[in-house]
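Colleague: I have a model open and want to learn how to read its features. Could you take me through them one by one?

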Amino acid sequence: MRSIEVPEYEVHDEVRVDPARTALIVVDMQNDFVKEGGSLLVPDAEGTIPNVRGLLDLARENGMKVVFTQDTHNEGDPEWEIWPEHAREGSWGWEIVEELAPLAGETVIRKVRYDAFYGTALDHLLRTWGVETLVICGTVANICVHYTAASAALRWFEVVIPRDATSALDPFDLESSLRQTSFLFGGKVTHVENVRLTA
Ligand code: ZN
């Protein structure tokens, strides 16, 4: 193994968002990734549930749009050649964890790839709502969170990642993803308690 240092990147003390122009995107907080017995468990993911919940409360109390993504695969999906079988449509593992269950009227985007924009109506919905900023949390930091954030940034949405509401399989992967978000996308990395609303 080779040791390298993580280059400096900015972690913002405060990020202000306008709730009328911001959506919270909760990525793939499904049993297979989050809960004991899940087929592709990210050990740190369950510990982020209270922080994700905090963001959900902030969004819900202030009329911010909320979108959940739900990784969704069926028999023969080529992703199961890269990863163990996971997120089989209709299974327990596919369901979003009960602590973070979507409310009636909240949007759930079923996605087949890491990028929640790929083959979905997400871009259309965000434009229709007049959303300009995305606060993105969930798991896995360097996979579905990262590729969704990347895809959003390429579309010129402002991207905010509260780092304590995301999780990865390996600290290297987490840091490299956050560094890319900051350095390459001009996204803002912060902590949950530092996501504030514009006055
Ligand atoms: Zn998948």
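Colleague: How do the residues of the lining of the largest cavity divide into nonpolar, polar and charged?

Modeller: First, the ground rules. This is a predicted model, where local features need pLDDT of at least 70, side-chain atom pairs count only at pLDDT 80 or more, and totals for chains, interfaces and linings use all residues. Residues are numbered from 1 along each chain as its sequence is written, and side-chain values use heavy atoms, with hydrogens and water left out.

Modeller: Now the classes. Ala, Val, Leu, Ile, Met, Phe, Trp, Tyr, Cys and Pro count as nonpolar; Asp, Glu, Lys and Arg as charged; the others, Gly among them, as polar. Here the lining of the largest cavity has 9 nonpolar, 2 polar and 3 charged residues.

Colleague: How many cavities does a search of the whole structure find?

Modeller: The general idea: rolling a probe the size of a water molecule over the atoms shows where empty space is left. A cavity is a set of points, on a 1 Å grid over the protein atoms alone, where a 1.4 Å probe fits but cannot get out; lining residues have an atom within 4 Å of a point. Points are joined across faces, edges and corners, and the volume is the space filled by probe spheres set on them. The search finds 2 cavities of 30 Å³ or more. The largest holds about 100 Å³. Of its 14 lining residues, Phe33, Leu40, Trp83, Val140 and Ile143 are the closest to its centre.

Colleague: Which element gives the largest share of the lining of the second largest cavity?

Modeller: Helices (H or I, at least four residues) and strands (E, at least two) are DSSP runs, numbered from the N terminus. α5 gives the largest share, 4 residues. Both α5 (141-154) and α6 (171-183) supply at least two. The space is about 30 Å³, and its lining has 5 nonpolar, 4 polar and no charged residues.

Colleague: Which residues coordinate the zinc ion?

Modeller: Donors are N, O and S atoms within 2.8 Å of the metal (3.2 Å for Na, K and Ca); water is not among the atoms, so sites may look incomplete. Asp71 (OD), His73 (NE2), Glu79 (OE) and His86 (NE2) coordinate the zinc ion at 1.9 to 2.1 Å. His73, in the loop between β3 (65-71) and α3 (79-82), and His86, in the loop between α3 and β4 (107-111), are 13 residues apart.

Colleague: Are His73 and His86 buried or exposed?

Modeller: Buried means under 20% relative accessible area, exposed over 50%, partly exposed in between (1.4 Å probe, protein chains only). His73 is at 0%, so it counts as buried. His86 is buried too, at 2%.

Note on methods: 1 Å grid on protein atoms, 1.4 Å probe; cavity = no way out; pocket = protein on both sides within 12 Å on 5 of 7 lines; lining within 4 Å.
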